[in-house]
Amino acid sequence: MAWYPGATKMELQPESDSQPAIRPTQVIYHSIAAPWTPQRTYEFWRDSTNLESHFGLGYDGVVAQYIGTETRADANYLANRRSDGTGAISLESASNDNHSDPWTPAQVETLIRLGVWAHHQHGIPLRICRTASDPGYGYHRLHSDWAIGGTACPGDARVRQFNDVIFPAIAARASGAPDPTTTAPNPAPTEEELMTPEERSWMDSWFGQLNAMAWGQKHDLAAQQATIDSLVKLVAADHDLDAAAVGAAVKKAVSEALAAGTVDVDVTVHDKTATTPPKAS
Ligand SMILES: [Zn+2]
């Protein structure tokens with residue numbers, strides 16, 4: 001299971017656990033013909049259909065991941081998983097209702113970054129798929145084997161962007177070459193992209209527990225204490241810190257927040273506030 005560090009994790013069950021493993025060799029971009037946020041797309045996969053993709057991209061460039069990239073997702077027909085175990089990583093993106101609009105600049109940037117990550121993480125070769133099973137990058141309508149009954153997805157404007165901007169930028173940045181589509185220097189990786197999977201999972205655990213506390217609103221002291229203790233152990237072990245000092249700092253911050261009546265943990269940068277609140281303890 002691989003999770004893109006730049007994405008908000010919204011794990012989709014039962015698909016994430018029940019679908020077979022793949023060795024990803026392709027990246028396929030889609031338009032979902034709806035102006036949806038990643039959260040709305042997650043709810044759609046969860047409640048309405050099982051033709052899910054690995055990723056969902058909003059107009060603002062925020063991306064969520066629903067299934068690890070080494071697990072099959074079902075948006076690409078015969079490319080989902082082939083008999084040799086290879087398959088495609090898929091991404092759905094917000095668009096207008098007939099996917100005739102271009103990707104926004106923020107979407108383009110995320111598509112490039114995700115493509116670069118896929119090259120480094122999974123060795124996706126830096127070329128456009130020449131056949132339906134050829135390893136590389138593509139968009140949904142590129143090969144008829146990728147769509148039951150054919151599709152126009154992701155739309156003409158986005159196909160042009162893929163060919164003129166997105167794929168050339170992926171190829172350049174992934175190989176460390178100057179991006180031919182802009183005179184600006186290649187952007188530095190984000191803090192999240194530089195995280196190891198262990199750090200990312202530690203951070204998810206941290207924000208998850210803080211959110212549980214914020215949403216619970218019960219101020220159950222025993223539960224709080226246990227939460228703080230477990231966080232302190234995580235922090236201390238992960239960063240070689242003095243557990244007592246970290247514990248004191250966390251307890252002070254939490255009790256100050258409680259005293260002020262504002263247990264309001266700002267996690268908007270990771271979009272955790274958009275996920276389903278955990279049940280109150
Ligand atoms: Zn599509």
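Author: A patch, as used here, joins residues that each have over 30% relative accessible area and no salt bridge, with like charges linked within 9 Å and nonpolar side chains (Val, Leu, Ile, Met, Phe, Trp, Tyr) within 5 Å. The areas come from the Shrake-Rupley method with a 1.4 Å probe, and for residues only the protein chains shown count as cover. A salt bridge is a side-chain nitrogen of Lys or Arg within 4 Å of a carboxyl oxygen of Asp or Glu. This is a predicted model, where local features need pLDDT of at least 70 and side-chain atom pairs count only at pLDDT 80 or more, while totals for chains, interfaces and linings use all residues. Residues are numbered from 1 along each chain as its sequence is written, and side-chain values use heavy atoms, with hydrogens and water left out.

Reader: OK, which residues make the nonpolar surface patch?

Author: Tyr 77, Leu 78 and Ile 148 make it, and it covers about 310 Å².

Reader: What makes Leu 78 buried, exposed or partly exposed?

Author: Buried means under 20% relative accessible area, exposed over 50%, and partly exposed is in between (1.4 Å probe, protein chains only). Leu 78 has 42%, so it's partly exposed. You'll find Leu 78 in the loop between β4 (63-65) and β5 (86-93); strands here are DSSP runs of E, at least two residues, and helices are runs of H or I, at least four, numbered from the N terminus.

Reader: And Gly 149, what is it called by accessibility?

Author: Exposed, because its relative accessibility is 81%. Gly 149 lies in the loop between β6 and α4, and its C-alpha atom is 9.9 Å from that of Tyr 77, although the two are 72 residues apart along the chain.

Reader: How do you know which atoms coordinate the zinc ion?

Author: A donor is an N, O or S atom within 2.8 Å of the metal (3.2 Å for Na, K and Ca); water is not among the atoms, so a site may look incomplete. His 30 (ND1), His 140 (ND1) and Cys 153 (SG) sit at 2.1 to 2.4 Å. His 30, in the loop between β2 (23-29) and α2 (38-47), and Cys 153, in the loop between β6 (136-139) and α4 (156-174), are 123 residues apart and link distant parts of the chain. Both His 30 and Cys 153 are buried.

Reader: What makes Arg 46 and Asp 47 a salt bridge?

Author: Their closest N and O atoms are 2.8 Å apart. Arg 46 is partly exposed because it has 38% relative accessibility, whereas Asp 47, with 53%, is exposed.

Reader: What about Asp 134, buried or exposed?

Author: Buried, because its relative accessibility is 8%. Asp 134 forms a salt bridge with Arg 130 (2.7 Å, N to O), and Arg 130 is exposed with a relative accessible area of 58%.

Reader: How many salt bridges does the rule give?

Author: The count is 9. A network of them links Glu 109, Arg 113, Arg 173 and Asp 179.

Reader: Last one: why are β1 and β6 called edge strands?

Author: Two strands pair if DSSP finds at least two bridges between them. The open sheet of 6 strands runs β1-β4-β3-β5-β2-β6, with mixed pairing, and β1 (8-9) and β6 each pair on one side only. As a pair that passes, take β3 (residues 55-57) and β4: 3 bridges join them, antiparallel.
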